[in-house]
Structure formats: structure tokens, C-alpha cells
Amino acid sequence: MIPQTFKSLAALYKAMDKTWNKIAARYPFKCSGCKDNCCKSLFFHYTYIEKAYLTHGFNALDQAGKEKILTRAKNYCEKTFAKTPDVKSLKIFCPVNENGRCLLYPFRPMICRLHGLPHELSRPGLSPVMSRGCDAGLFDDKSYVKFDRTPFYQQMAQIEIAFRQGHDKTDRIKETVAQMLISQ
Ligand code: SF4
């Protein structure tokens, strides 16, 4: 059962998944794993509520599973962040990915859900910013199917504001999944 704290987030995630699947089907595009796996992308996450939900899922794993992931997470951070302040993707698998499968799939953050499809994002008073889809979809050869991420980002911001107010969080957060799990 989803704890009350996460009900709005879980509903938003469900809406994201539904929209993503609907738009993917219109191309048609099916994510079936590729060598440029997006779980090797350097994704940062910016919300405390997503961190809390991810760690809620993580803490439900058995001890051996948790230790395995944490070992990989420490390794990930040592490699990615140790060398220079200029952090760039080393194309290392997210520590939660095991044999191509996300071990925290129901709890995965927003960007893991929205990635892949061409999309747009609008800011007040500005033209929408368009972004390409992943290479595996060969989207450049296809007509764009409108995918506006803006309402999802706006709803996430509202949910995050409410969460922060209830949990006394005021500082900014910018963490990878590996960092979120280590610093929980
Ligand atoms: S949280 Fe899951 S879906 Fe997201 S990058 Fe990690 S393994 Fe992939």
C-alpha cells in the first residue's frame, strides 16, 4: 500500500507513465533495451519527495539487496565525482539497474519515466523548448507527436512544495540515484 505522503506523487507518476505509453504507441516506439541504455545516463534529480519515495522503495528490499546496491552506488560516486569538479557522464549503469532491470521500477524518479520521447517544455512568456528523443527511436525520421512535459513539471513542483513544508526542507537538492541512496 502506498503511504499517504506519497499518494499524490504516485498518482502523478501513473499519469506520466500513461501519457508516455500513449505517445510511444503513436510513433510506434517500444523501449526494449539498447546498447546506449538510458540507465547509463548521468541523471540528476531535484526533489526531496522523489528521493523519499525512492528510498522508501529501497528500504523495503532485503538486506542483501540493499547492500549490493549501496556498494554499486559508492563505486558509482567514486568514479563519477571524485576526479574534477567538471562532472560528466561516464556511461556507468545506475546502481539500481541489475542485468538490465530496474530493481526499484515502481519508485523510479520522474526523469526515468519521461526519458526517450521527443518533447517540449514551456516557460512563461517564452517559446516552447523542443528536445530530441533517444537515438534508438529514430525519431528524427518521424513526425513529432506532441509531448508537453510542462504540466508534469508544474504538478511535481506543487507536490514538492507541499512535501518541503511538511518536512522542513529548504535547501536545494541535485543528486543522482546513487547519491540519493547513499545520503538518505
Ligand atoms: S532508477 Fe531505475 S530506471 Fe532510473 S536510471 Fe536507475 S535503474 Fe534506470
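A136 is partly exposed, because 17 other C-beta atoms lie within 10 Å. The scale behind that label uses C-beta atoms placed from the backbone: 20 or more others within 10 Å makes a residue buried, 12 or fewer makes a residue exposed, and partly exposed falls in between. This is a predicted model, in which local features need pLDDT of at least 70, side-chain atom pairs count only at pLDDT 80 or more, and totals for chains, interfaces and linings use all residues. Residues are numbered from 1 along each chain as its sequence is written.

A136 sits in the loop between β4 (129-131) and α5. Helices (H or I, at least four residues) and strands (E, at least two) are DSSP runs, numbered from the N terminus. Leaving out residues up to four places away in sequence, A136 touches C34 and D36. Contact means that the two C-beta atoms, placed from the backbone, lie within 7 Å. P106 is 30 residues from A136 along the chain, and their C-alpha atoms are separated by 23 Å.

## D36, a partner of A136

D36 belongs to the loop between α1 and α2. D36 counts as exposed because it has 10 C-beta neighbours inside 10 Å. Beyond residues up to four places away in sequence, D36 touches D135 and A136. D36 and T170 are 134 residues apart in sequence, and 36 Å apart in space, C-alpha to C-alpha.

## Helix α5

Helix α5 covers residues 150-167. Its 18 residues should span 26 Å at 1.5 Å a residue, and the end C-alpha atoms are 26 Å apart, so the two agree. The expected span is 1.5 Å times one less than the number of residues.

Which residues of α5 are buried? They are F152, M156 and F163. They cover an arc of only 30° around the axis, so they lie on the same side of α5. The arc is that of the directions from the helix axis to the C-beta atoms. The buried residues of α5 pack against α1 (7-26), α2 (48-59) and α4 (110-114). On the other side of α5, Q154, A157, Q158, I161 and Q165 are exposed.

Most residues other than glycine have a negative phi, and most peptide bonds are trans. D168 has a positive phi of about 55° although it is not a glycine. D168 lies in the loop between α5 and α6 (177-183). It counts as exposed because it has 6 C-beta neighbours inside 10 Å.

K91 also has a positive phi, near 60°. Its place is the loop between α3 (63-81) and β1 (97-98). K91 is exposed, with 10 other C-beta atoms within 10 Å. A cis peptide bond, with omega about -10°, joins Y27 and P28. P28 is in the loop between α1 and α2.

## Core and ligand shell

The largest nonpolar core has 18 residues, and L54, V177 and L181 touch the most other members. The elements giving two or more residues to this core are α1, α2, α3 and α6. Such a core is a set of buried Ala, Val, Leu, Ile, Met, Phe, Trp, Tyr and Cys residues joined through C-beta atoms within 7 Å.

V177 touches L54, C94, P95 and V96, not counting residues up to four places away in sequence. V177 is also among the residues around the ligand, including C39, C94, R108 and C112. A residue belongs there if its C-beta atom, placed from the backbone, lies within 6 Å of the molecule.
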